[in-house]
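Here are my notes, jotted down as I went through the model.

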Amino acid sequence: MTDLTLDVARKISDAALAKCRELKLKPMAIAILDARGTLKTFIAEDNTSLLRGEVAHGKAYGALALGMGSRAIFKRANEQPYFVDAINTMARGALVPVPGGVLINDKDGNLLGAIGISGDTSDNDETAALAGIAAAGLVGNAG
């Protein structure tokens, strides 16, 4: 598999949402991008706050843009804040450098895309993202 199909993206987002409900998390927004950065699926549950969708997209976009999960970007932002700020400036503010953005790889390590989730704690967002990816038989890289 080299492309993230709509069917697979929907499977990931549905499974991630199911994990959110299982854990009784706050209302979530889930964005899945393919390896080109094109939005494949987007879900916003009822009662999500106004910018949750943008945050979810920014977590996925940042993971793709830097080739690492947003947890790794968060760590780098703490260690090298000027670097991450400069990259985010170049990206016109599109990166959200906190956990919850996870790269999606096939079992051979090929990059298929990224998922970003926002709505609860960053750790819970990431847990749901990883669960969704695993449910589709793929490999998540949170960084």
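**Notes on the fold**

1. Let's start at a turn. Four residues sit between the strands in the hairpin of S1 and S2, and Gly-37 there has a positive phi near 95 degrees. One thing to keep in mind throughout: this is a predicted model.

2. S1 covers residues 29-34 and runs antiparallel to S2, with five bridges joining the two. If you want pairs to click on, Leu-33 has Leu-39 of S2 as its bridge partner, while Ile-32 is partnered by Thr-41, also in S2.

3. S1 has another neighbour, S4. Here six bridges link the strands, and the pairing is again antiparallel. For a landmark, look at Asp-34, which stands opposite Gly-113 in S4.

4. Is S1 buried or exposed? Six of its six residues are buried, so the strand is largely enclosed by the rest of the structure. Both of its faces are covered: one side carries Ala-29, Ala-31 and Leu-33, the other Ile-30, Ile-32 and Asp-34, and all of these are buried. So Asp-34, the residue facing Gly-113, belongs to that buried set too, because S1 is buried at six of six positions.

5. Zooming out to the whole sheet: five strands make an open, antiparallel sheet, ordered S2-S1-S4-S3-S5. The edge positions go to S2 (39-44) and S5 (139-141); each has a single partner strand, so one side of each has no neighbour in the sheet. From one strand to the next, the twist averages 20 degrees.

6. What packs on the sheet? Helix H1 (residues 6-22) does, touching S1, S2, S3 (101-105) and S4 (111-118). The direction of H1 makes about 25 degrees with that of S2.

7. H1 also meets H5. Two packed helices are described by the angle between their axes and the distance between the axes. For H1 and H5, the axes come within 7 Å and cross at roughly 135 degrees, which makes H1 oblique to H5. The crossing is right-handed. On the H1 side, the contact is made by Lys-11, Ile-12, Ala-15, Ala-16, Lys-19 and Cys-20; H5 contributes Thr-127, Ala-128, Ala-131, Gly-132, Ile-133 and Ala-135. Sorted by class, that contact between H1 and H5 has eight nonpolar, two polar and two charged residues.

8. The other helix pair to look at is H3 with H4. H3 (residues 70-79) packs against H4 at an angle of about 120 degrees, and their axes are 5 Å apart. These helices are therefore oblique to each other. H3 brings Ile-73, Arg-76, Ala-77, Asn-78 and Glu-79 to the contact, and H4 brings Pro-81, Phe-83 and Val-84. By class, the H3 and H4 contact comes out as five nonpolar, one polar and two charged residues.

9. Setting aside residues up to four places away in sequence, Asp-125 touches Met-28, Lys-59, Gly-100, Ile-117, Ser-118, Gly-119 and Asp-120.

10. Beyond its neighbours within four places in sequence, Gly-101 is in contact with Lys-59, Ala-60, Ala-63, Gly-69, Ser-70, Ile-115, Gly-116 and Ala-142. Lys-59 is also among the residues that Asp-125 touches. As for Ile-43, it is 58 residues from Gly-101 in sequence and 15 Å away in space, C-alpha to C-alpha.

11. Asn-47 is not a glycine, yet has a positive phi of about 75 degrees. It lies in the loop between S2 and helix H2 (52-66), and at 73% relative accessibility Asn-47 counts as exposed. Arg-92 likewise has a positive phi, near 60 degrees, in a residue other than glycine. You'll find Arg-92 in the loop between helix H4 (81-90) and S3, and its 77% relative accessibility makes Arg-92 exposed.

Note on methods
Residues numbered from 1 in each chain as written. Predicted model: local features only at pLDDT ≥ 70, side-chain atom pairs only at ≥ 80, totals over all residues. Heavy atoms only, no water. Contact = heavy atoms within 4.5 Å. Pairing = 2+ DSSP bridges. Axes fitted to C-alpha atoms, helices over the stretch in contact; angles between N-to-C directions. Parallel < 35°, antiparallel > 145°, perpendicular 65-115°, else oblique. Left-handed = near helix turned anticlockwise from the far one by under 90°. Nonpolar A, V, L, I, M, F, W, Y, C, P; charged D, E, K, R; others polar. Buried < 20%, exposed > 50% of the residue type's maximum accessible area, 1.4 Å probe, protein only.
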